[in-house]
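This report describes selected local features of one protein model.

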Amino acid sequence: MDPTRLSARQIAEAVSAGRLTVRAVAEAHLDRIAASDGPVQAWQHLDPDAVRTVADAMDRAGPKGLLAGVPIGVKDVIDTADMPTGYGTRIYDGFRPPWDAPCVTLARQAGALIAGKTVSTELAMASPNQTRNPWNPAHTPGGSSSGSCAAVAAGMVPVAFGTQTSGSTIRPASFCGVVAFKPSFALINTVGIKVLCPGLDTLGLLARGIDDAALCTAALAGRPDLAALTPPARPRIGVLLGTRLDKADPCAIDAVHRLARLAEAAGAEVTFLDPPAWYDGIFDLHEAVMGWEVTRSLAHEIAVHWDGLSPVTRGMLEAQATVDEPRYAAAMAELPGIRHLTDALLSRFDVVLTLAAAGEAPEGMATGDPLFNRLWSVLQVPLICLPVAKGPKGLPVGVQLVGPRGADHRLASAALFLETAVTAAGGPQ
């Protein structure tokens, strides 16, 4: 039994039943990391001896919980007391918080083994660090959850934590060919995660399958229903390609159409939707909220550490600083109505399909454009990225699955239906 080939659920079941030890699971994944991380560089902090020590202690205590023995990578913008947390920037190199973020504590309480810290872009913004795409190291893994997506894609861990303010979980998952689950805003506690935008920041889960992403979300959110998904027999599926499609490569649009065809062939009822008149304006609402909130959240870094930030981060912060308070206030006043309209539209369906990214992972280190994620993030709805296709360069292309706020279980259940349809058709191609 090779633990690196098991799902998170299978690992937890085997460890709980005594068929596997946490140490055996740890050793298998450490071997996988040693063999595969060289060209990928997914890890910001990894201490194999410390992982073994914790695994042995867990075995002595008798591991239990939804995530018993499951190795998890934690994005380096999430606080950990026993590992450095550098927030992806040299200005905080070696910083050691005196606490774990609640999501880390809750994962440990559910039996998880925290394997290490995965690479983030600087301050979870756009300036890339060292991580490369496991499918082709000449291409970006995306960002800002670069290391988490790459580690899961390369089989180094079955689950990893990411974060999303614009598109930092969904987009890199598409580029790396893994599943991402960004739950409804505030479903999972975000205390102890480096703040960019209090009204947008959300913890996301990266995994190799829908069931594992939902299982981990269940443990962190106290939502046992998410640990027991049943796909609907005949889901209602909407397809909303949206606007600004001139920014998308044909392969991204083709992936959405492929998933719609597979869903319909599997028995789903598929309806194509035109974007409502108010749809395109949501992009500007995200820009207003992020622009105002991020420059306030990073006031200390801007005032004290400006010269220590990368040129990419400084340029992004300068652009965000053009948003003034009246524009922010106007956006915040408009958003409740827009969110209500969107929920009403999305509630007609079990899931709505749209673009996860503009196409395949770009060549080079620049992390790509979050254009097709931004408006959904500001709407605070649950999102899933499902690997569906391959682009002309043989790199993964995902599809973004959307549901109304609070409908996380319904969305994940429909996603399981779609994942099964893709698998039955031979997987992403």
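## A buried loop threonine

Thr89 lies in the loop that links strand 2 (71-75) to helix 4 (102-109). Helices (H or I, at least four residues) and strands (E, at least two) are DSSP runs, numbered from the N terminus. The model is a predicted one, in which local features need pLDDT of at least 70 and side-chain atom pairs count only at pLDDT 80 or more, while totals for chains, interfaces and linings use all residues. Residues are numbered from 1 along each chain as its sequence is written, and side-chain values use heavy atoms, with hydrogens and water left out.

Thr89 counts as buried because its relative accessibility is 5%; buried means under 20% relative accessible area, exposed over 50%, and partly exposed in between (1.4 Å probe, protein chains only). When neighbours within four places in sequence are set aside, Thr89 is in contact with Glu122, Leu123 and Leu309, where contact means heavy atoms within 4.5 Å.

## Backbone features in loops

The peptide bond from Gly143 to Ser144 is cis, and its omega is near 10 degrees. Ser144 belongs to the loop between strand 3 (113-118) and helix 5.

Two loop residues other than glycine have a positive phi. For Ala186, phi is near 75 degrees; this residue is found between strand 5 (179-182) and strand 6 (202-207). For Gln380, phi is near 65 degrees, and its loop runs between helix 13 (371-378) and strand 10. Ala186 is exposed, since its relative accessible area is 56%, whereas Gln380 is buried, with a value of 13%.

## Parallel strand pairing

Strand 7 (residues 236-239) pairs with strand 8 (residues 269-272) in the parallel sense over four bridges; two strands pair if DSSP finds at least two bridges between them. Within this pairing, Gly238 has Thr271 of strand 8 as its bridge partner. The chain passes from strand 7 through helix 8 (residues 250-265) to strand 8 in a right-handed β-α-β crossover. Right-handed here means that, with the strands pointing away from the viewer, the path from the first strand over the helix to the second runs clockwise.

Strand 7 is also joined to strand 9 (residues 351-355) by three bridges, and the two run parallel. In strand 9, Val351 stands opposite Ile237.

## The largest pocket

The largest pocket holds about 360 Å³ of space. On a 1 Å grid over the protein atoms alone, where a 1.4 Å probe fits, a pocket is an open set of points with protein on both sides within 12 Å along at least five of seven lines; lining residues have an atom within 4 Å of a point. Grid points are joined across faces, edges and corners, and a volume is the space filled by probe spheres set on the points.

Its lining comprises 24 residues, of which Ser166, Met290, Met316, Gln320 and Pro370 lie nearest the centre. Helix 9 (282-297) and helix 11 (311-320) are the elements that give two or more residues to this lining. By class, the lining has nine nonpolar, ten polar and five charged residues; Ala, Val, Leu, Ile, Met, Phe, Trp, Tyr, Cys and Pro count as nonpolar, Asp, Glu, Lys and Arg as charged, and the others, Gly among them, as polar.

## The second largest pocket

About 290 Å³ of space lies in the second largest pocket. Of its 16 lining residues, Gly177, Val178, Arg208, Pro387 and Pro428 lie nearest its centre. Helix 5 (146-153), strand 10 (383-390) and helix 14 (408-424) each give two or more residues to the lining, and helix 14 supplies the largest share, three residues. The lining of the second largest pocket contains eleven nonpolar, three polar and two charged residues.
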